[in-house]
Amino acid sequence: MTSTDLGMPTVAPDDVGFLRGTESFPVAAHRALADTQLRRNLGHATRTIRGKRARVVAEVPDWEELRRAGEAIKADTMARLPELLEQLEEAVTARGGVVHWARDAGEANAIVASLVREAGADEVVKVKSIATQEIGLNEALAEQGITATETDLAELIVQLSDDRPSHFLVPAIHRNRSEIRDIFLRALPGVDPDLTDEPRRLAMAARAHLRRKFLSARVGISGANFAAADTGTISVVESEGNGRMCLTLPDTLITVMGVEKVVPRWSDMEVFLQLLPRSSTAERMNPYTSTWSGVTPGDGPQAFHLVLLDNGRSNVLADEQGRAALHCIRCSACLNVCPVYERAGGHAYGSVYPGPIGAVLSPQLTGISGPDDPNASLPYASSLCGACFDACPVRIDIPNLLVQQRAASIASHRTPTAQDVAMRTVAAAMVSPARFRAAERVLGLGRFAGRSGRIRFLPYPGSQWTSARDMPTPPPETFRQWWKRTRGAGS
Amino acid sequence: MVEADAGRWVVTAREEVLARLRAARDAGAPRGGVPPTPREYRRSGTLAPGSVEVVGRLTETLTDYKATVYRVADEDDVSAAVARVLEDAGATTFVAPPGLPARWLGEVTARVRPDEPPLSVARLDEVDAVVTGAAVAIADTGTFVLDASAPDQGRRAISLVPDHHVCVIRAADVVSSVPEALARLDPSHPLTFVSGPSATSDIELDRVEGVHGPRRLDVVLVGPM
Ligand code: SF4
């Protein structure tokens, strides 16, 4: 860190954590698309949740008013984020908590590891937290000889199968019940060999496996859904009770929270506790929400640490429109309604933030280093159908952000590449396998390249190069015309 | 020396993160400023707190999420209901927070384990059930809230580790909506919002009841029917 960097909004480092995959979206999505089991699992799960969500949202007559309030509270938060964080720090400290600040993933990991060691532990129990996935905390702790056990059922499935999460709410959404049974039979110590794939029995197997760990854990690690600046109250929203276990039974609790999770007032929870459960699990209310402020003598952990994480968020905040991506409350509604997500699955996005919101958040957190940056392809992982905006409980205009990020992606390099072409076509193609096959021909044949091999004309946003860089006269056919003509040609 | 190093780091990081965020706040400030937050949503529900209707609605929403509800007309009837649900579950021992009203337990035959002095986690794990009160309940969502600082609700661990939770809710504490409930709560106390027994949606996004929290949830609702 040089002194000239001090105080400049900064992107996340790319050597630690999981904000970027190793290949572009079209390449990864292509493979996912060939996996019919994955498509079936995702299709089944997202269809189920879409129907339920629509029903519980329809029960709320003031849903639109709640969305508008949620949107405005978040916009207000971003406009005074540093002040609110200082207020939060003061409130948490006044109630016996200790606040730490982390510039990036590496620093957050180091803080957590040293806190675990100070507590004299070499094992921790974790509540699902996307922020700690983002920074690669488990891997960093393992390097220090500290074993982190994921306790959320889906996270446990991911951890046991050495997999990566693919959804905010259900990181193992890409697995069906019989695959989960197989993972448990293979990797759960002492599991009943007669375990069936009945969901209830699978849940019981996880309960039996984790119970002793909960009851003896000395350090718990969590994320935070919300943190009220005025009272220092942190909230964790969950279902299984694993969160309550981790937040209540250990002596030491460490909460890692992205700076954008602060909300101005405790009373703002009246909005978010209505918006989040219905959008997320499609329930009127999730089974458990825990809230706490600092340390309570005689109840729960007697040492509480709050780690406030930047890791690229300052870079997102610095963009007037792009900062709306920080409003996200990780409900996953936009994933569940997205036709591209439903077909490509979460892994194709590379980052721990998948789906429509991931497509606009990840590239802003990491910045785009050039045409070969996998995150440069993410803003194209959409057909811009608008379903994500309609579903978003805090009214993030994701389609608008996608278009804006496409422009940013283009601005990062001077000439379009074959990948740019592929990126644009693949999203529309995701809507049906037949279209995808058509799009593949684009990839293979390089339709846009003229005889010289130079790109002569591209539709928006590629057109930004051609118009801005005085390219040769565009061909008579527009992209739409071309698309219409070629889409039907063969299968 | 890790300690001292960590200490120095943390201070520096604080200044730097705040400086970055201040710069970003200004660089990305909305040109038109931030409009005031519209709060046109309902701040109070359609059913009056404590009314027969709101208690009826709570009964429905609790039942929807697999809690079993027992209605009793007044507090004198609570102990018979608690005795019955413990017996039905085959519970022979239960933990009670220090300030649980004695009259709620008059007819209970299961043996009480008072949480005073606090029971160890291992002891809590051996107890069959827990009986608590609640700070407030929300009819719209089928939720009750435990306030760990309230004498009839007790510290968080006692309502978490035993596998069967019996919660007694007074009609006067039942409101219709989430905003009304939050207005009655003190955020400086640890709070637990409970909506049904523990559950997961992690297998194919379908709700399955019974994971790490109490797998059985019985509610005794006290008030006019
Ligand atoms: S962007 Fe909106 S819909 Fe998507 S996960 Fe975030 S809050 Fe939910």
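Tutor: In what follows, contact means heavy atoms within 4.5 Å. This is a predicted model, in which local features need pLDDT of at least 70 and side-chain atom pairs count only at pLDDT 80 or more, while totals for chains, interfaces and linings use all residues. Residues are numbered from 1 along each chain as its sequence is written, chains are lettered from A and ligands numbered from 1 in the order in which they are written, and side-chain values use heavy atoms, with hydrogens and water left out.

Student: Which residues is B:Thr141 in contact with, leaving aside its neighbours within four places in sequence?

Tutor: With those neighbours left out, B:Thr141 is in contact with A:Arg278, A:Arg284, A:Met285, B:Thr61, B:Tyr65, B:Val178 and B:Ser195.

Student: Where is B:Thr141 found?

Tutor: B:Thr141 is in the loop between β5 (136-138) and β6 (143-147) of chain B. Strands (E, at least two residues) and helices (H or I, at least four residues) are DSSP runs, numbered from the N terminus.

Student: Is B:Thr141 buried or exposed?

Tutor: B:Thr141 is buried, because its relative accessible area is 3%. Buried means under 20% relative accessible area, exposed over 50%, and partly exposed in between (1.4 Å probe, protein chains only).

Student: What does the side chain of B:Thr141 make a polar contact with?

Tutor: The partner is the side chain of B:Thr143, at 2.7 Å. A polar contact is a pair of N or O atoms within 3.5 Å; within protein, one must be able to donate a hydrogen and the other to accept it, and residues adjacent in sequence count only if both atoms are side-chain atoms.

Student: Moving on to the sheet, what is the order of its six strands in chain B?

Tutor: The open sheet of chain B has the order β1-β12-β7-β4-β2-β3, with parallel pairing. Its edge strands are β1 (68-72) and β3 (111-114) of chain B, each of which pairs on one side only. Two strands pair if DSSP finds at least two bridges between them.

Student: How many bridges join β7 and β12 of chain B?

Tutor: There are seven bridges between β7 (residues 164-170) and β12 (residues 216-222) of chain B. Within this pair, B:Arg170 stands opposite B:Val222 in β12(B).

Student: And what stands opposite B:Phe94 in β4(B)?

Tutor: That is B:Ala129. In β3(B), the bridge partner of B:Phe94 is B:Val112. From β2(B), B:Phe94 and B:Ala96 point one way and B:Thr93 and B:Val95 the other way, and all are buried.

Student: Which strands does helix α2 of chain B lie across?

Tutor: Helix α2 (residues 52-64) of chain B lies across β1 and β12 of chain B, at about 155° to β1(B). Axes are lines fitted to C-alpha atoms, for helices over the stretch in contact, and angles run from 0 to 180 degrees between N-to-C directions.

Student: How is chain B divided into domains?

Tutor: Chain B has domain 1 (1-35) and domain 2 (52-222), with bounds from an automatic or database domain assignment. The centres of these domains of chain B, taken over C-alpha atoms, are 43 Å apart.

Student: Last topic: how many disulfides are there over all chains?

Tutor: The count is zero, a disulfide being a pair of cysteine sulfur atoms within 2.5 Å.
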